[in-house]
Amino acid sequence: MKNFDRRAIFFWLSALASFALIPVTPEKLMAVGVILGCFLLLLGGASWLDDRTRNRRT
Amino acid sequence: MTPTLVLYGVIAIALMFDFVNGFHDAANSIATIVATRVLTPVQAVLWAAFWNFVAFAVLGTAVAKFITQEIVKADAVSIGLVFAGLIGAIFWNVLTAWMGLPSSSSHALVGGLVGAAIAKSGGHVVILDGLEKTGVFIIYSPLIGLALGFSLMVMVMWIVHRIKKVRTTNRVFRSMQLVSAAAFSLGHGANDAQKTMGIIFLLLVGANKAKIGEDIPLWVVLSAHTAIGLGTMFGGWKIVKTMGNKLTRLQPMGGVCAETAAAATLFFASANGIPVSTTHTITGAIVGVGSTQRLSAVRWGVARRVVWAWVLTIPGSALVAIITFKLVELFS
């Protein structure tokens, strides 16, 4: 856990915040929360993979 | 004092609020462009002020309509209510500036209006949907800036990493900053000036000189954009510490990505009538760009203060507006 990519955690927590806000978002703008949350999840995943690749190389 | 004089007096306070907003936010628009010496401070200030002003012709008045129609019910609006809301916002902005808390003028304004409305007629005159829309975008707008800033920076790094000529790359991005700074100033002018337009229009409604749902008069649109443009022009002169350098050290490439990401977020918000904080949006974008390097490149102390500003601004300004409205009632 100590060496876990902190940037990925940061993105995943941001994604969680986006998803958590969806129920209180006006209907017309709900897609913003969904798209943003999914996008941040993906960024977190990409960041984690990037970190794993770098650590393997070194 | 005649009602007309009171009306013009409060309109002047609203325009002053807009001027201070431009003055305060000038750093966001010109920080990176001055730091990278693309323009001199004087040129940068004039550039940003120009784009602040012309925003009226580009991005419509959806945010102004939101302020007039979706925060407080029309029958509760009065000059006293708008005055108390404005004072709540101004007082909160001054207090947080003194405390070094990067609060948002937009959220302070919404909080002020809500507080004054509660003091005047009770909670039932506050439109909850509008408040929800503002509330969720307090969080969404910096997150959109963050995601866009990070993605743009990664894409640009992919594109330029094979180019060995660092000088050429820097020259290209320095030129591109002219466009990205203009876009950000355009978004800033559109979103922030429209809040003042909404306030002035509410004052006209309170004085029975306009009706909710009517188009915003051209003189209101032009005066709000002139005030924010002048504020930017005068504010930029004295700003030495830049937003970019406060959060993370930005190079021309990072500057372009952060400004473009923030501008895109502001365009989206303005087109959909959502009042967002330009400061928080560019902060999110700068954090996104900075975190392409490593998270420790971001100065988290500043980001943490932004989070505190999120939590405190609406209730804080609402409380000041409640007190102001009660005082206005007492002395009128």
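This is a predicted model: local features need pLDDT of at least 70, side-chain atom pairs count only at pLDDT 80 or more; totals for chains, interfaces and linings use all residues.
Residues are numbered from 1 along each chain as its sequence is written, while chains are lettered from A and ligands numbered from 1 in the order in which they are written. Chain A has 2 helices and 0 strands, and chain B has 12 helices and 0 strands. Helices (H or I, at least four residues) and strands (E, at least two) are DSSP runs, numbered from the N terminus.

**Chain A and its meeting with chain B**

- Of the 58 residues in chain A, 28% count as buried. A residue is buried if 20 or more other C-beta atoms lie within 10 Å of its own, exposed if 12 or fewer, and partly exposed in between, with C-beta atoms placed from the backbone.
- Across the interface, 17 residues of chain A are in contact with 14 residues of chain B. Contact here means that the C-beta atoms of two residues, placed from the backbone, lie within 7 Å.
- Both α1 (6-21) and α2 (30-57) of chain A supply at least two residues each to the side that touches chain B. The helix that gives the most to that side is α1(A), with 7 residues.
- That side of chain A is made up of 11 nonpolar, 4 polar and 2 charged residues. For this count, Ala, Val, Leu, Ile, Met, Phe, Trp, Tyr, Cys and Pro are nonpolar, Asp, Glu, Lys and Arg are charged, and the others, Gly among them, are polar.
- Within chain A, take the contacts between residues at least 6 apart in sequence: 58% of them join residues at least 24 apart.

**Chain B as a whole**

- Chain B has a radius of gyration of 20 Å, which agrees with the value near 20 Å for a compact globule of 332 residues. The radius is taken over C-alpha atoms, and the globule rule is 2.2 Å times the number of residues to the power 0.38.
- Along its principal axes, the C-alpha trace of chain B spans about 70 × 35 × 30 Å.
- In chain B, 59% of the 332 residues count as buried.
- Of the chain B contacts with a separation of 6 or more, 89% come from residues 24 or more positions apart.

- Helix α6 (residues 128-160) of chain B has 33 residues and reaches 47 Å from its first C-alpha to its last, close to the expected 48 Å. The expected span is 1.5 Å times one less than the number of residues.
- There is a bend of about 35° in α6(B) at Phe137(B). The bend at a residue is the angle between axes fitted to the seven residues ending there and the seven starting there.
- Helix α7(B) has 41 residues and reaches 59 Å, first C-alpha to last, close to the 60 Å expected. At Met176(B), α7(B) bends by about 30°.
- Just after α7(B) comes Asn208(B), with a positive phi of about 60°, although Asn208(B) is not a glycine. Asn208(B) sits in the loop between α7 and α8 of chain B and counts as exposed because it has 8 C-beta neighbours inside 10 Å.

**The core and some residues to look at**

- The largest nonpolar core has 116 residues, and those with the most contacts inside it are Ile30(B), Ala147(B), Ile200(B) and Leu203(B). A nonpolar core is a set of buried Ala, Val, Leu, Ile, Met, Phe, Trp, Tyr and Cys residues joined through C-beta atoms within 7 Å.
- Leaving out residues up to four places away in sequence, Ala147(B) touches Leu36(A), Phe39(A), Leu40(A), Leu43(A) and Gly288(B).
- Leu202(B) lies in helix α7 (residues 166-206) of chain B and is buried, because 29 other C-beta atoms are within 10 Å. Beyond its neighbours within four places in sequence, Leu202(B) is in contact with Thr68(B), Val77(B) and Val82(B).
- Phe325(B), in helix α12 (residues 300-331) of chain B, is buried, with 25 other C-beta atoms within 10 Å. The C-alpha atoms of Phe325(B) and Ala119(B) are separated by 6.5 Å, though the two are 206 residues apart along the chain.
- Thr226(B), in helix α8 (residues 218-238) of chain B, is partly exposed, with 19 other C-beta atoms within 10 Å.
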